[in-house]
Amino acid sequence: VFSVGVGPDVKDDLPLIADKPKEDHVFHVKKFDDLYRLVENIVKQTCIEILSVSPQVACTGEQENVTVFGNGFGRAKNQSRILCNFRLNDTTNHVSRALFVRDDELLCSSPKLPQEERGVTIQVSVNGGLSYVNSNVTMNVLPCTKTNVVGLVVG
């Protein structure tokens with residue numbers, strides 16, 4: 001529970017309402033016009049969001065380790081329940097458990113991506129797949145050709 005107070009009269013009551021640790025859950029401003037300054041801090045502490053992925057382009061038929069950047073991943077009660085969903089289209093999804101978790105970063109393994117998919121939408125669940133955080137973040141899939149490198153030494 002977060003407590004937000006405005007004005008000098010409520011400052012002492014706020015810690016009584018808020019969850020622990022108090023320094024993360026108690027916010028106070030002198031006047032209502034100052035409330036806007038609290039929004040970014042509260043959002044970062046309460047919301048889970050997906051901001052970007054790397055790589056942004058994957059090769060057809062290849063499995064990739066994908067880093068998902070965002071906020072709030074580390075607040076999951078049980079990090080072993082954090083999942084990445086690679087939404088290939090309206091009916092095909094591939095779910096993988098996060099291999100690495102930090103508050104602002106996840107590492108997940110993608111499926112082998114089929115050629116016909118051009119944009120794979122990335123979603124994250126922090127509750128074992130009961131619900132997913134949606135995003136507009138996509139990873140493009142393109143045909144890639146592997147090149148053979150041959151060295152020749154003439155002496």
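**Sheets, core and salt bridges**

Strand β5, residues 65-71, is mostly covered, with five of its seven residues buried. The model that shows this is predicted. β5 belongs to an open sheet of four strands, in the order β3-β5-β9-β8. Pairing in this sheet is antiparallel. The edges are formed by β3 (49-54) and β8 (100-102), each of which pairs on one side only. From one strand to the next, the twist averages 25°.

The pairing of β5 can be followed on both sides. S54 has T67 in β5 as its bridge partner. With β9, β5 again pairs in the antiparallel sense, over five bridges. Here V68 stands opposite L106 in β9. Strand β9 covers residues 105-109 and pairs in turn with β8. That pairing is antiparallel and rests on three bridges. In it, R102 has E105 of β9 as its bridge partner.

L83 has S125 in β10 as its bridge partner.

Which residues touch the most other members of the largest nonpolar core? They are V68, F86 and L106, in a core of 22 residues. Two or more residues come from each of β3, β5, β6, β9, β10 and β11 (138-142). The most come from β10, which gives three residues. In soluble globular proteins, nonpolar side chains tend to be buried together.

V1, L16 and I17 form a nonpolar patch on the surface. Together they have about 340 Å² of accessible area. I17 lies in helix α1, residues 14-17. The relative accessible area of I17 is 52%, so I17 counts as exposed, the cut-off being over 50%.

Charged side chains were examined next. Side chains of opposite charge can pair when their charged atoms come close. How many salt bridges does the count give? The count comes to four salt bridges, with a limit of 4 Å between nitrogen and oxygen.

One of them joins R37 to D34, with the closest N and O atoms 3.5 Å apart. The two partners sit in contrasting surroundings. R37 is exposed, at a relative accessible area of 52%. D34 counts as buried, at 14% relative accessibility, because buried means under 20%.

R87 and D90 also meet through their side chains in a salt bridge, at 3.9 Å from N to O. R87 is partly exposed, with a relative accessible area of 28%. D90 is exposed, with a relative accessible area of 68%.

R102 forms a salt bridge with D104, and the closest N and O atoms are 3.2 Å apart. Are these two residues buried, partly exposed or exposed? R102 counts as partly exposed, at 41% relative accessibility. D104 is partly exposed as well, with a relative accessible area of 34%. A network of salt bridges links R102, D104 and E105. R102 and E105 are therefore connected in two ways: as bridge partners between β8 and β9, and as members of this salt-bridge network.

Terms used:
Residues are numbered from 1 along each chain as its sequence is written. This is a predicted model: local features need pLDDT of at least 70, side-chain atom pairs count only at pLDDT 80 or more; totals for chains, interfaces and linings use all residues. Side-chain values use heavy atoms; hydrogens and water are left out. Buried means under 20% relative accessible area, exposed over 50%, partly exposed in between (1.4 Å probe, protein chains only). Patches are made of residues with over 30% relative accessible area and no salt bridge: like charges are joined within 9 Å, nonpolar side chains (Val, Leu, Ile, Met, Phe, Trp, Tyr) within 5 Å. Accessible areas come from the Shrake-Rupley method with a 1.4 Å probe; for residues, only the protein chains shown count as cover. Two strands pair if DSSP finds at least two bridges between them. Axes are lines fitted to C-alpha atoms, for helices over the stretch in contact, and angles run from 0 to 180 degrees between N-to-C directions. A nonpolar core is a set of buried Ala, Val, Leu, Ile, Met, Phe, Trp, Tyr and Cys residues joined through side-chain atoms within 4.5 Å.
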